[in-house]
Amino acid sequence: MKDYKKEFGKRVRKQREITGMTQANLAYFTGLHRTYIAGIERGERNPSLKNILKIARELDITIYALLRDLE
């Protein structure tokens with residue numbers, strides 16, 4: 001069975017690195033805690049749709065791009 005949270009976290013980390021943001025920057029601009037962002041990237045957190053939207057906006061990527069083909 002595919003680990004959806006880990007795959008999603010990898011996508012967030014990759015896009016964050018592409019944009020040149022640190023976890024602290026992303027946390028600041030989304031209003032989320034840095035350890036929460038780190039947990040998402042490690043696949044330990046299951047973010048809400050609201051938080052996925054915040055992250056996608058700050059990373060200048062669509063929610064679709066972060067979630068596509070996770071099934």
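A salt bridge is a side-chain nitrogen of Lys or Arg within 4 Å of a carboxyl oxygen of Asp or Glu. The structure holds four of them. This is a predicted model: local features need pLDDT of at least 70, side-chain atom pairs count only at pLDDT 80 or more, and totals for chains, interfaces and linings use all residues. Residues are numbered from 1 along each chain as its sequence is written, and side-chain values use heavy atoms, with hydrogens and water left out.

View 1. Helices (H or I, at least four residues) and strands (E, at least two) are DSSP runs, numbered from the N terminus. Along the sequence the pattern reads α-α-α-α-α. The radius of gyration is 11 Å, close to the 11 Å that the globule rule gives for 71 residues, so the chain is as compact as a globular protein of that length. This radius is taken over C-alpha atoms, and the globule rule is 2.2 Å times the number of residues to the power 0.38. The C-alpha atoms fill a box of roughly 35 × 20 × 20 Å, taken along the principal axes.

**View 2. R11 pairs with E7 in a salt bridge.** Their side chains meet at 3.2 Å, N to O. Both residues sit in helix α1 (residues 4–19). They are four residues apart, so about one helical turn separates them. E7 is partly exposed, with a relative accessible area of 23%. Buried means under 20% relative accessible area, exposed over 50%, and partly exposed in between (1.4 Å probe, protein chains only).

**View 3. E41 and R16 form a salt bridge.** The distance is 2.5 Å, N to O. This pair links distant parts of the chain: E41 lies in helix α3 (residues 34–41) and R16 in helix α1, 25 residues apart. E41 is buried, at 2% relative accessible area. R16 is also buried, at 8%. Salt bridges that share partners join R13, R16 and E41 into one network.

**View 4. E44 meets R42 in a salt bridge.** Their side chains come to 2.9 Å, N to O. R42 counts as partly exposed, at 43% relative accessibility.

View 5. Of the 71 residues, 39% count as buried. Contact means heavy atoms within 4.5 Å. Among contacts with a separation of 6 or more, 60% come from residues 24 or more positions apart.
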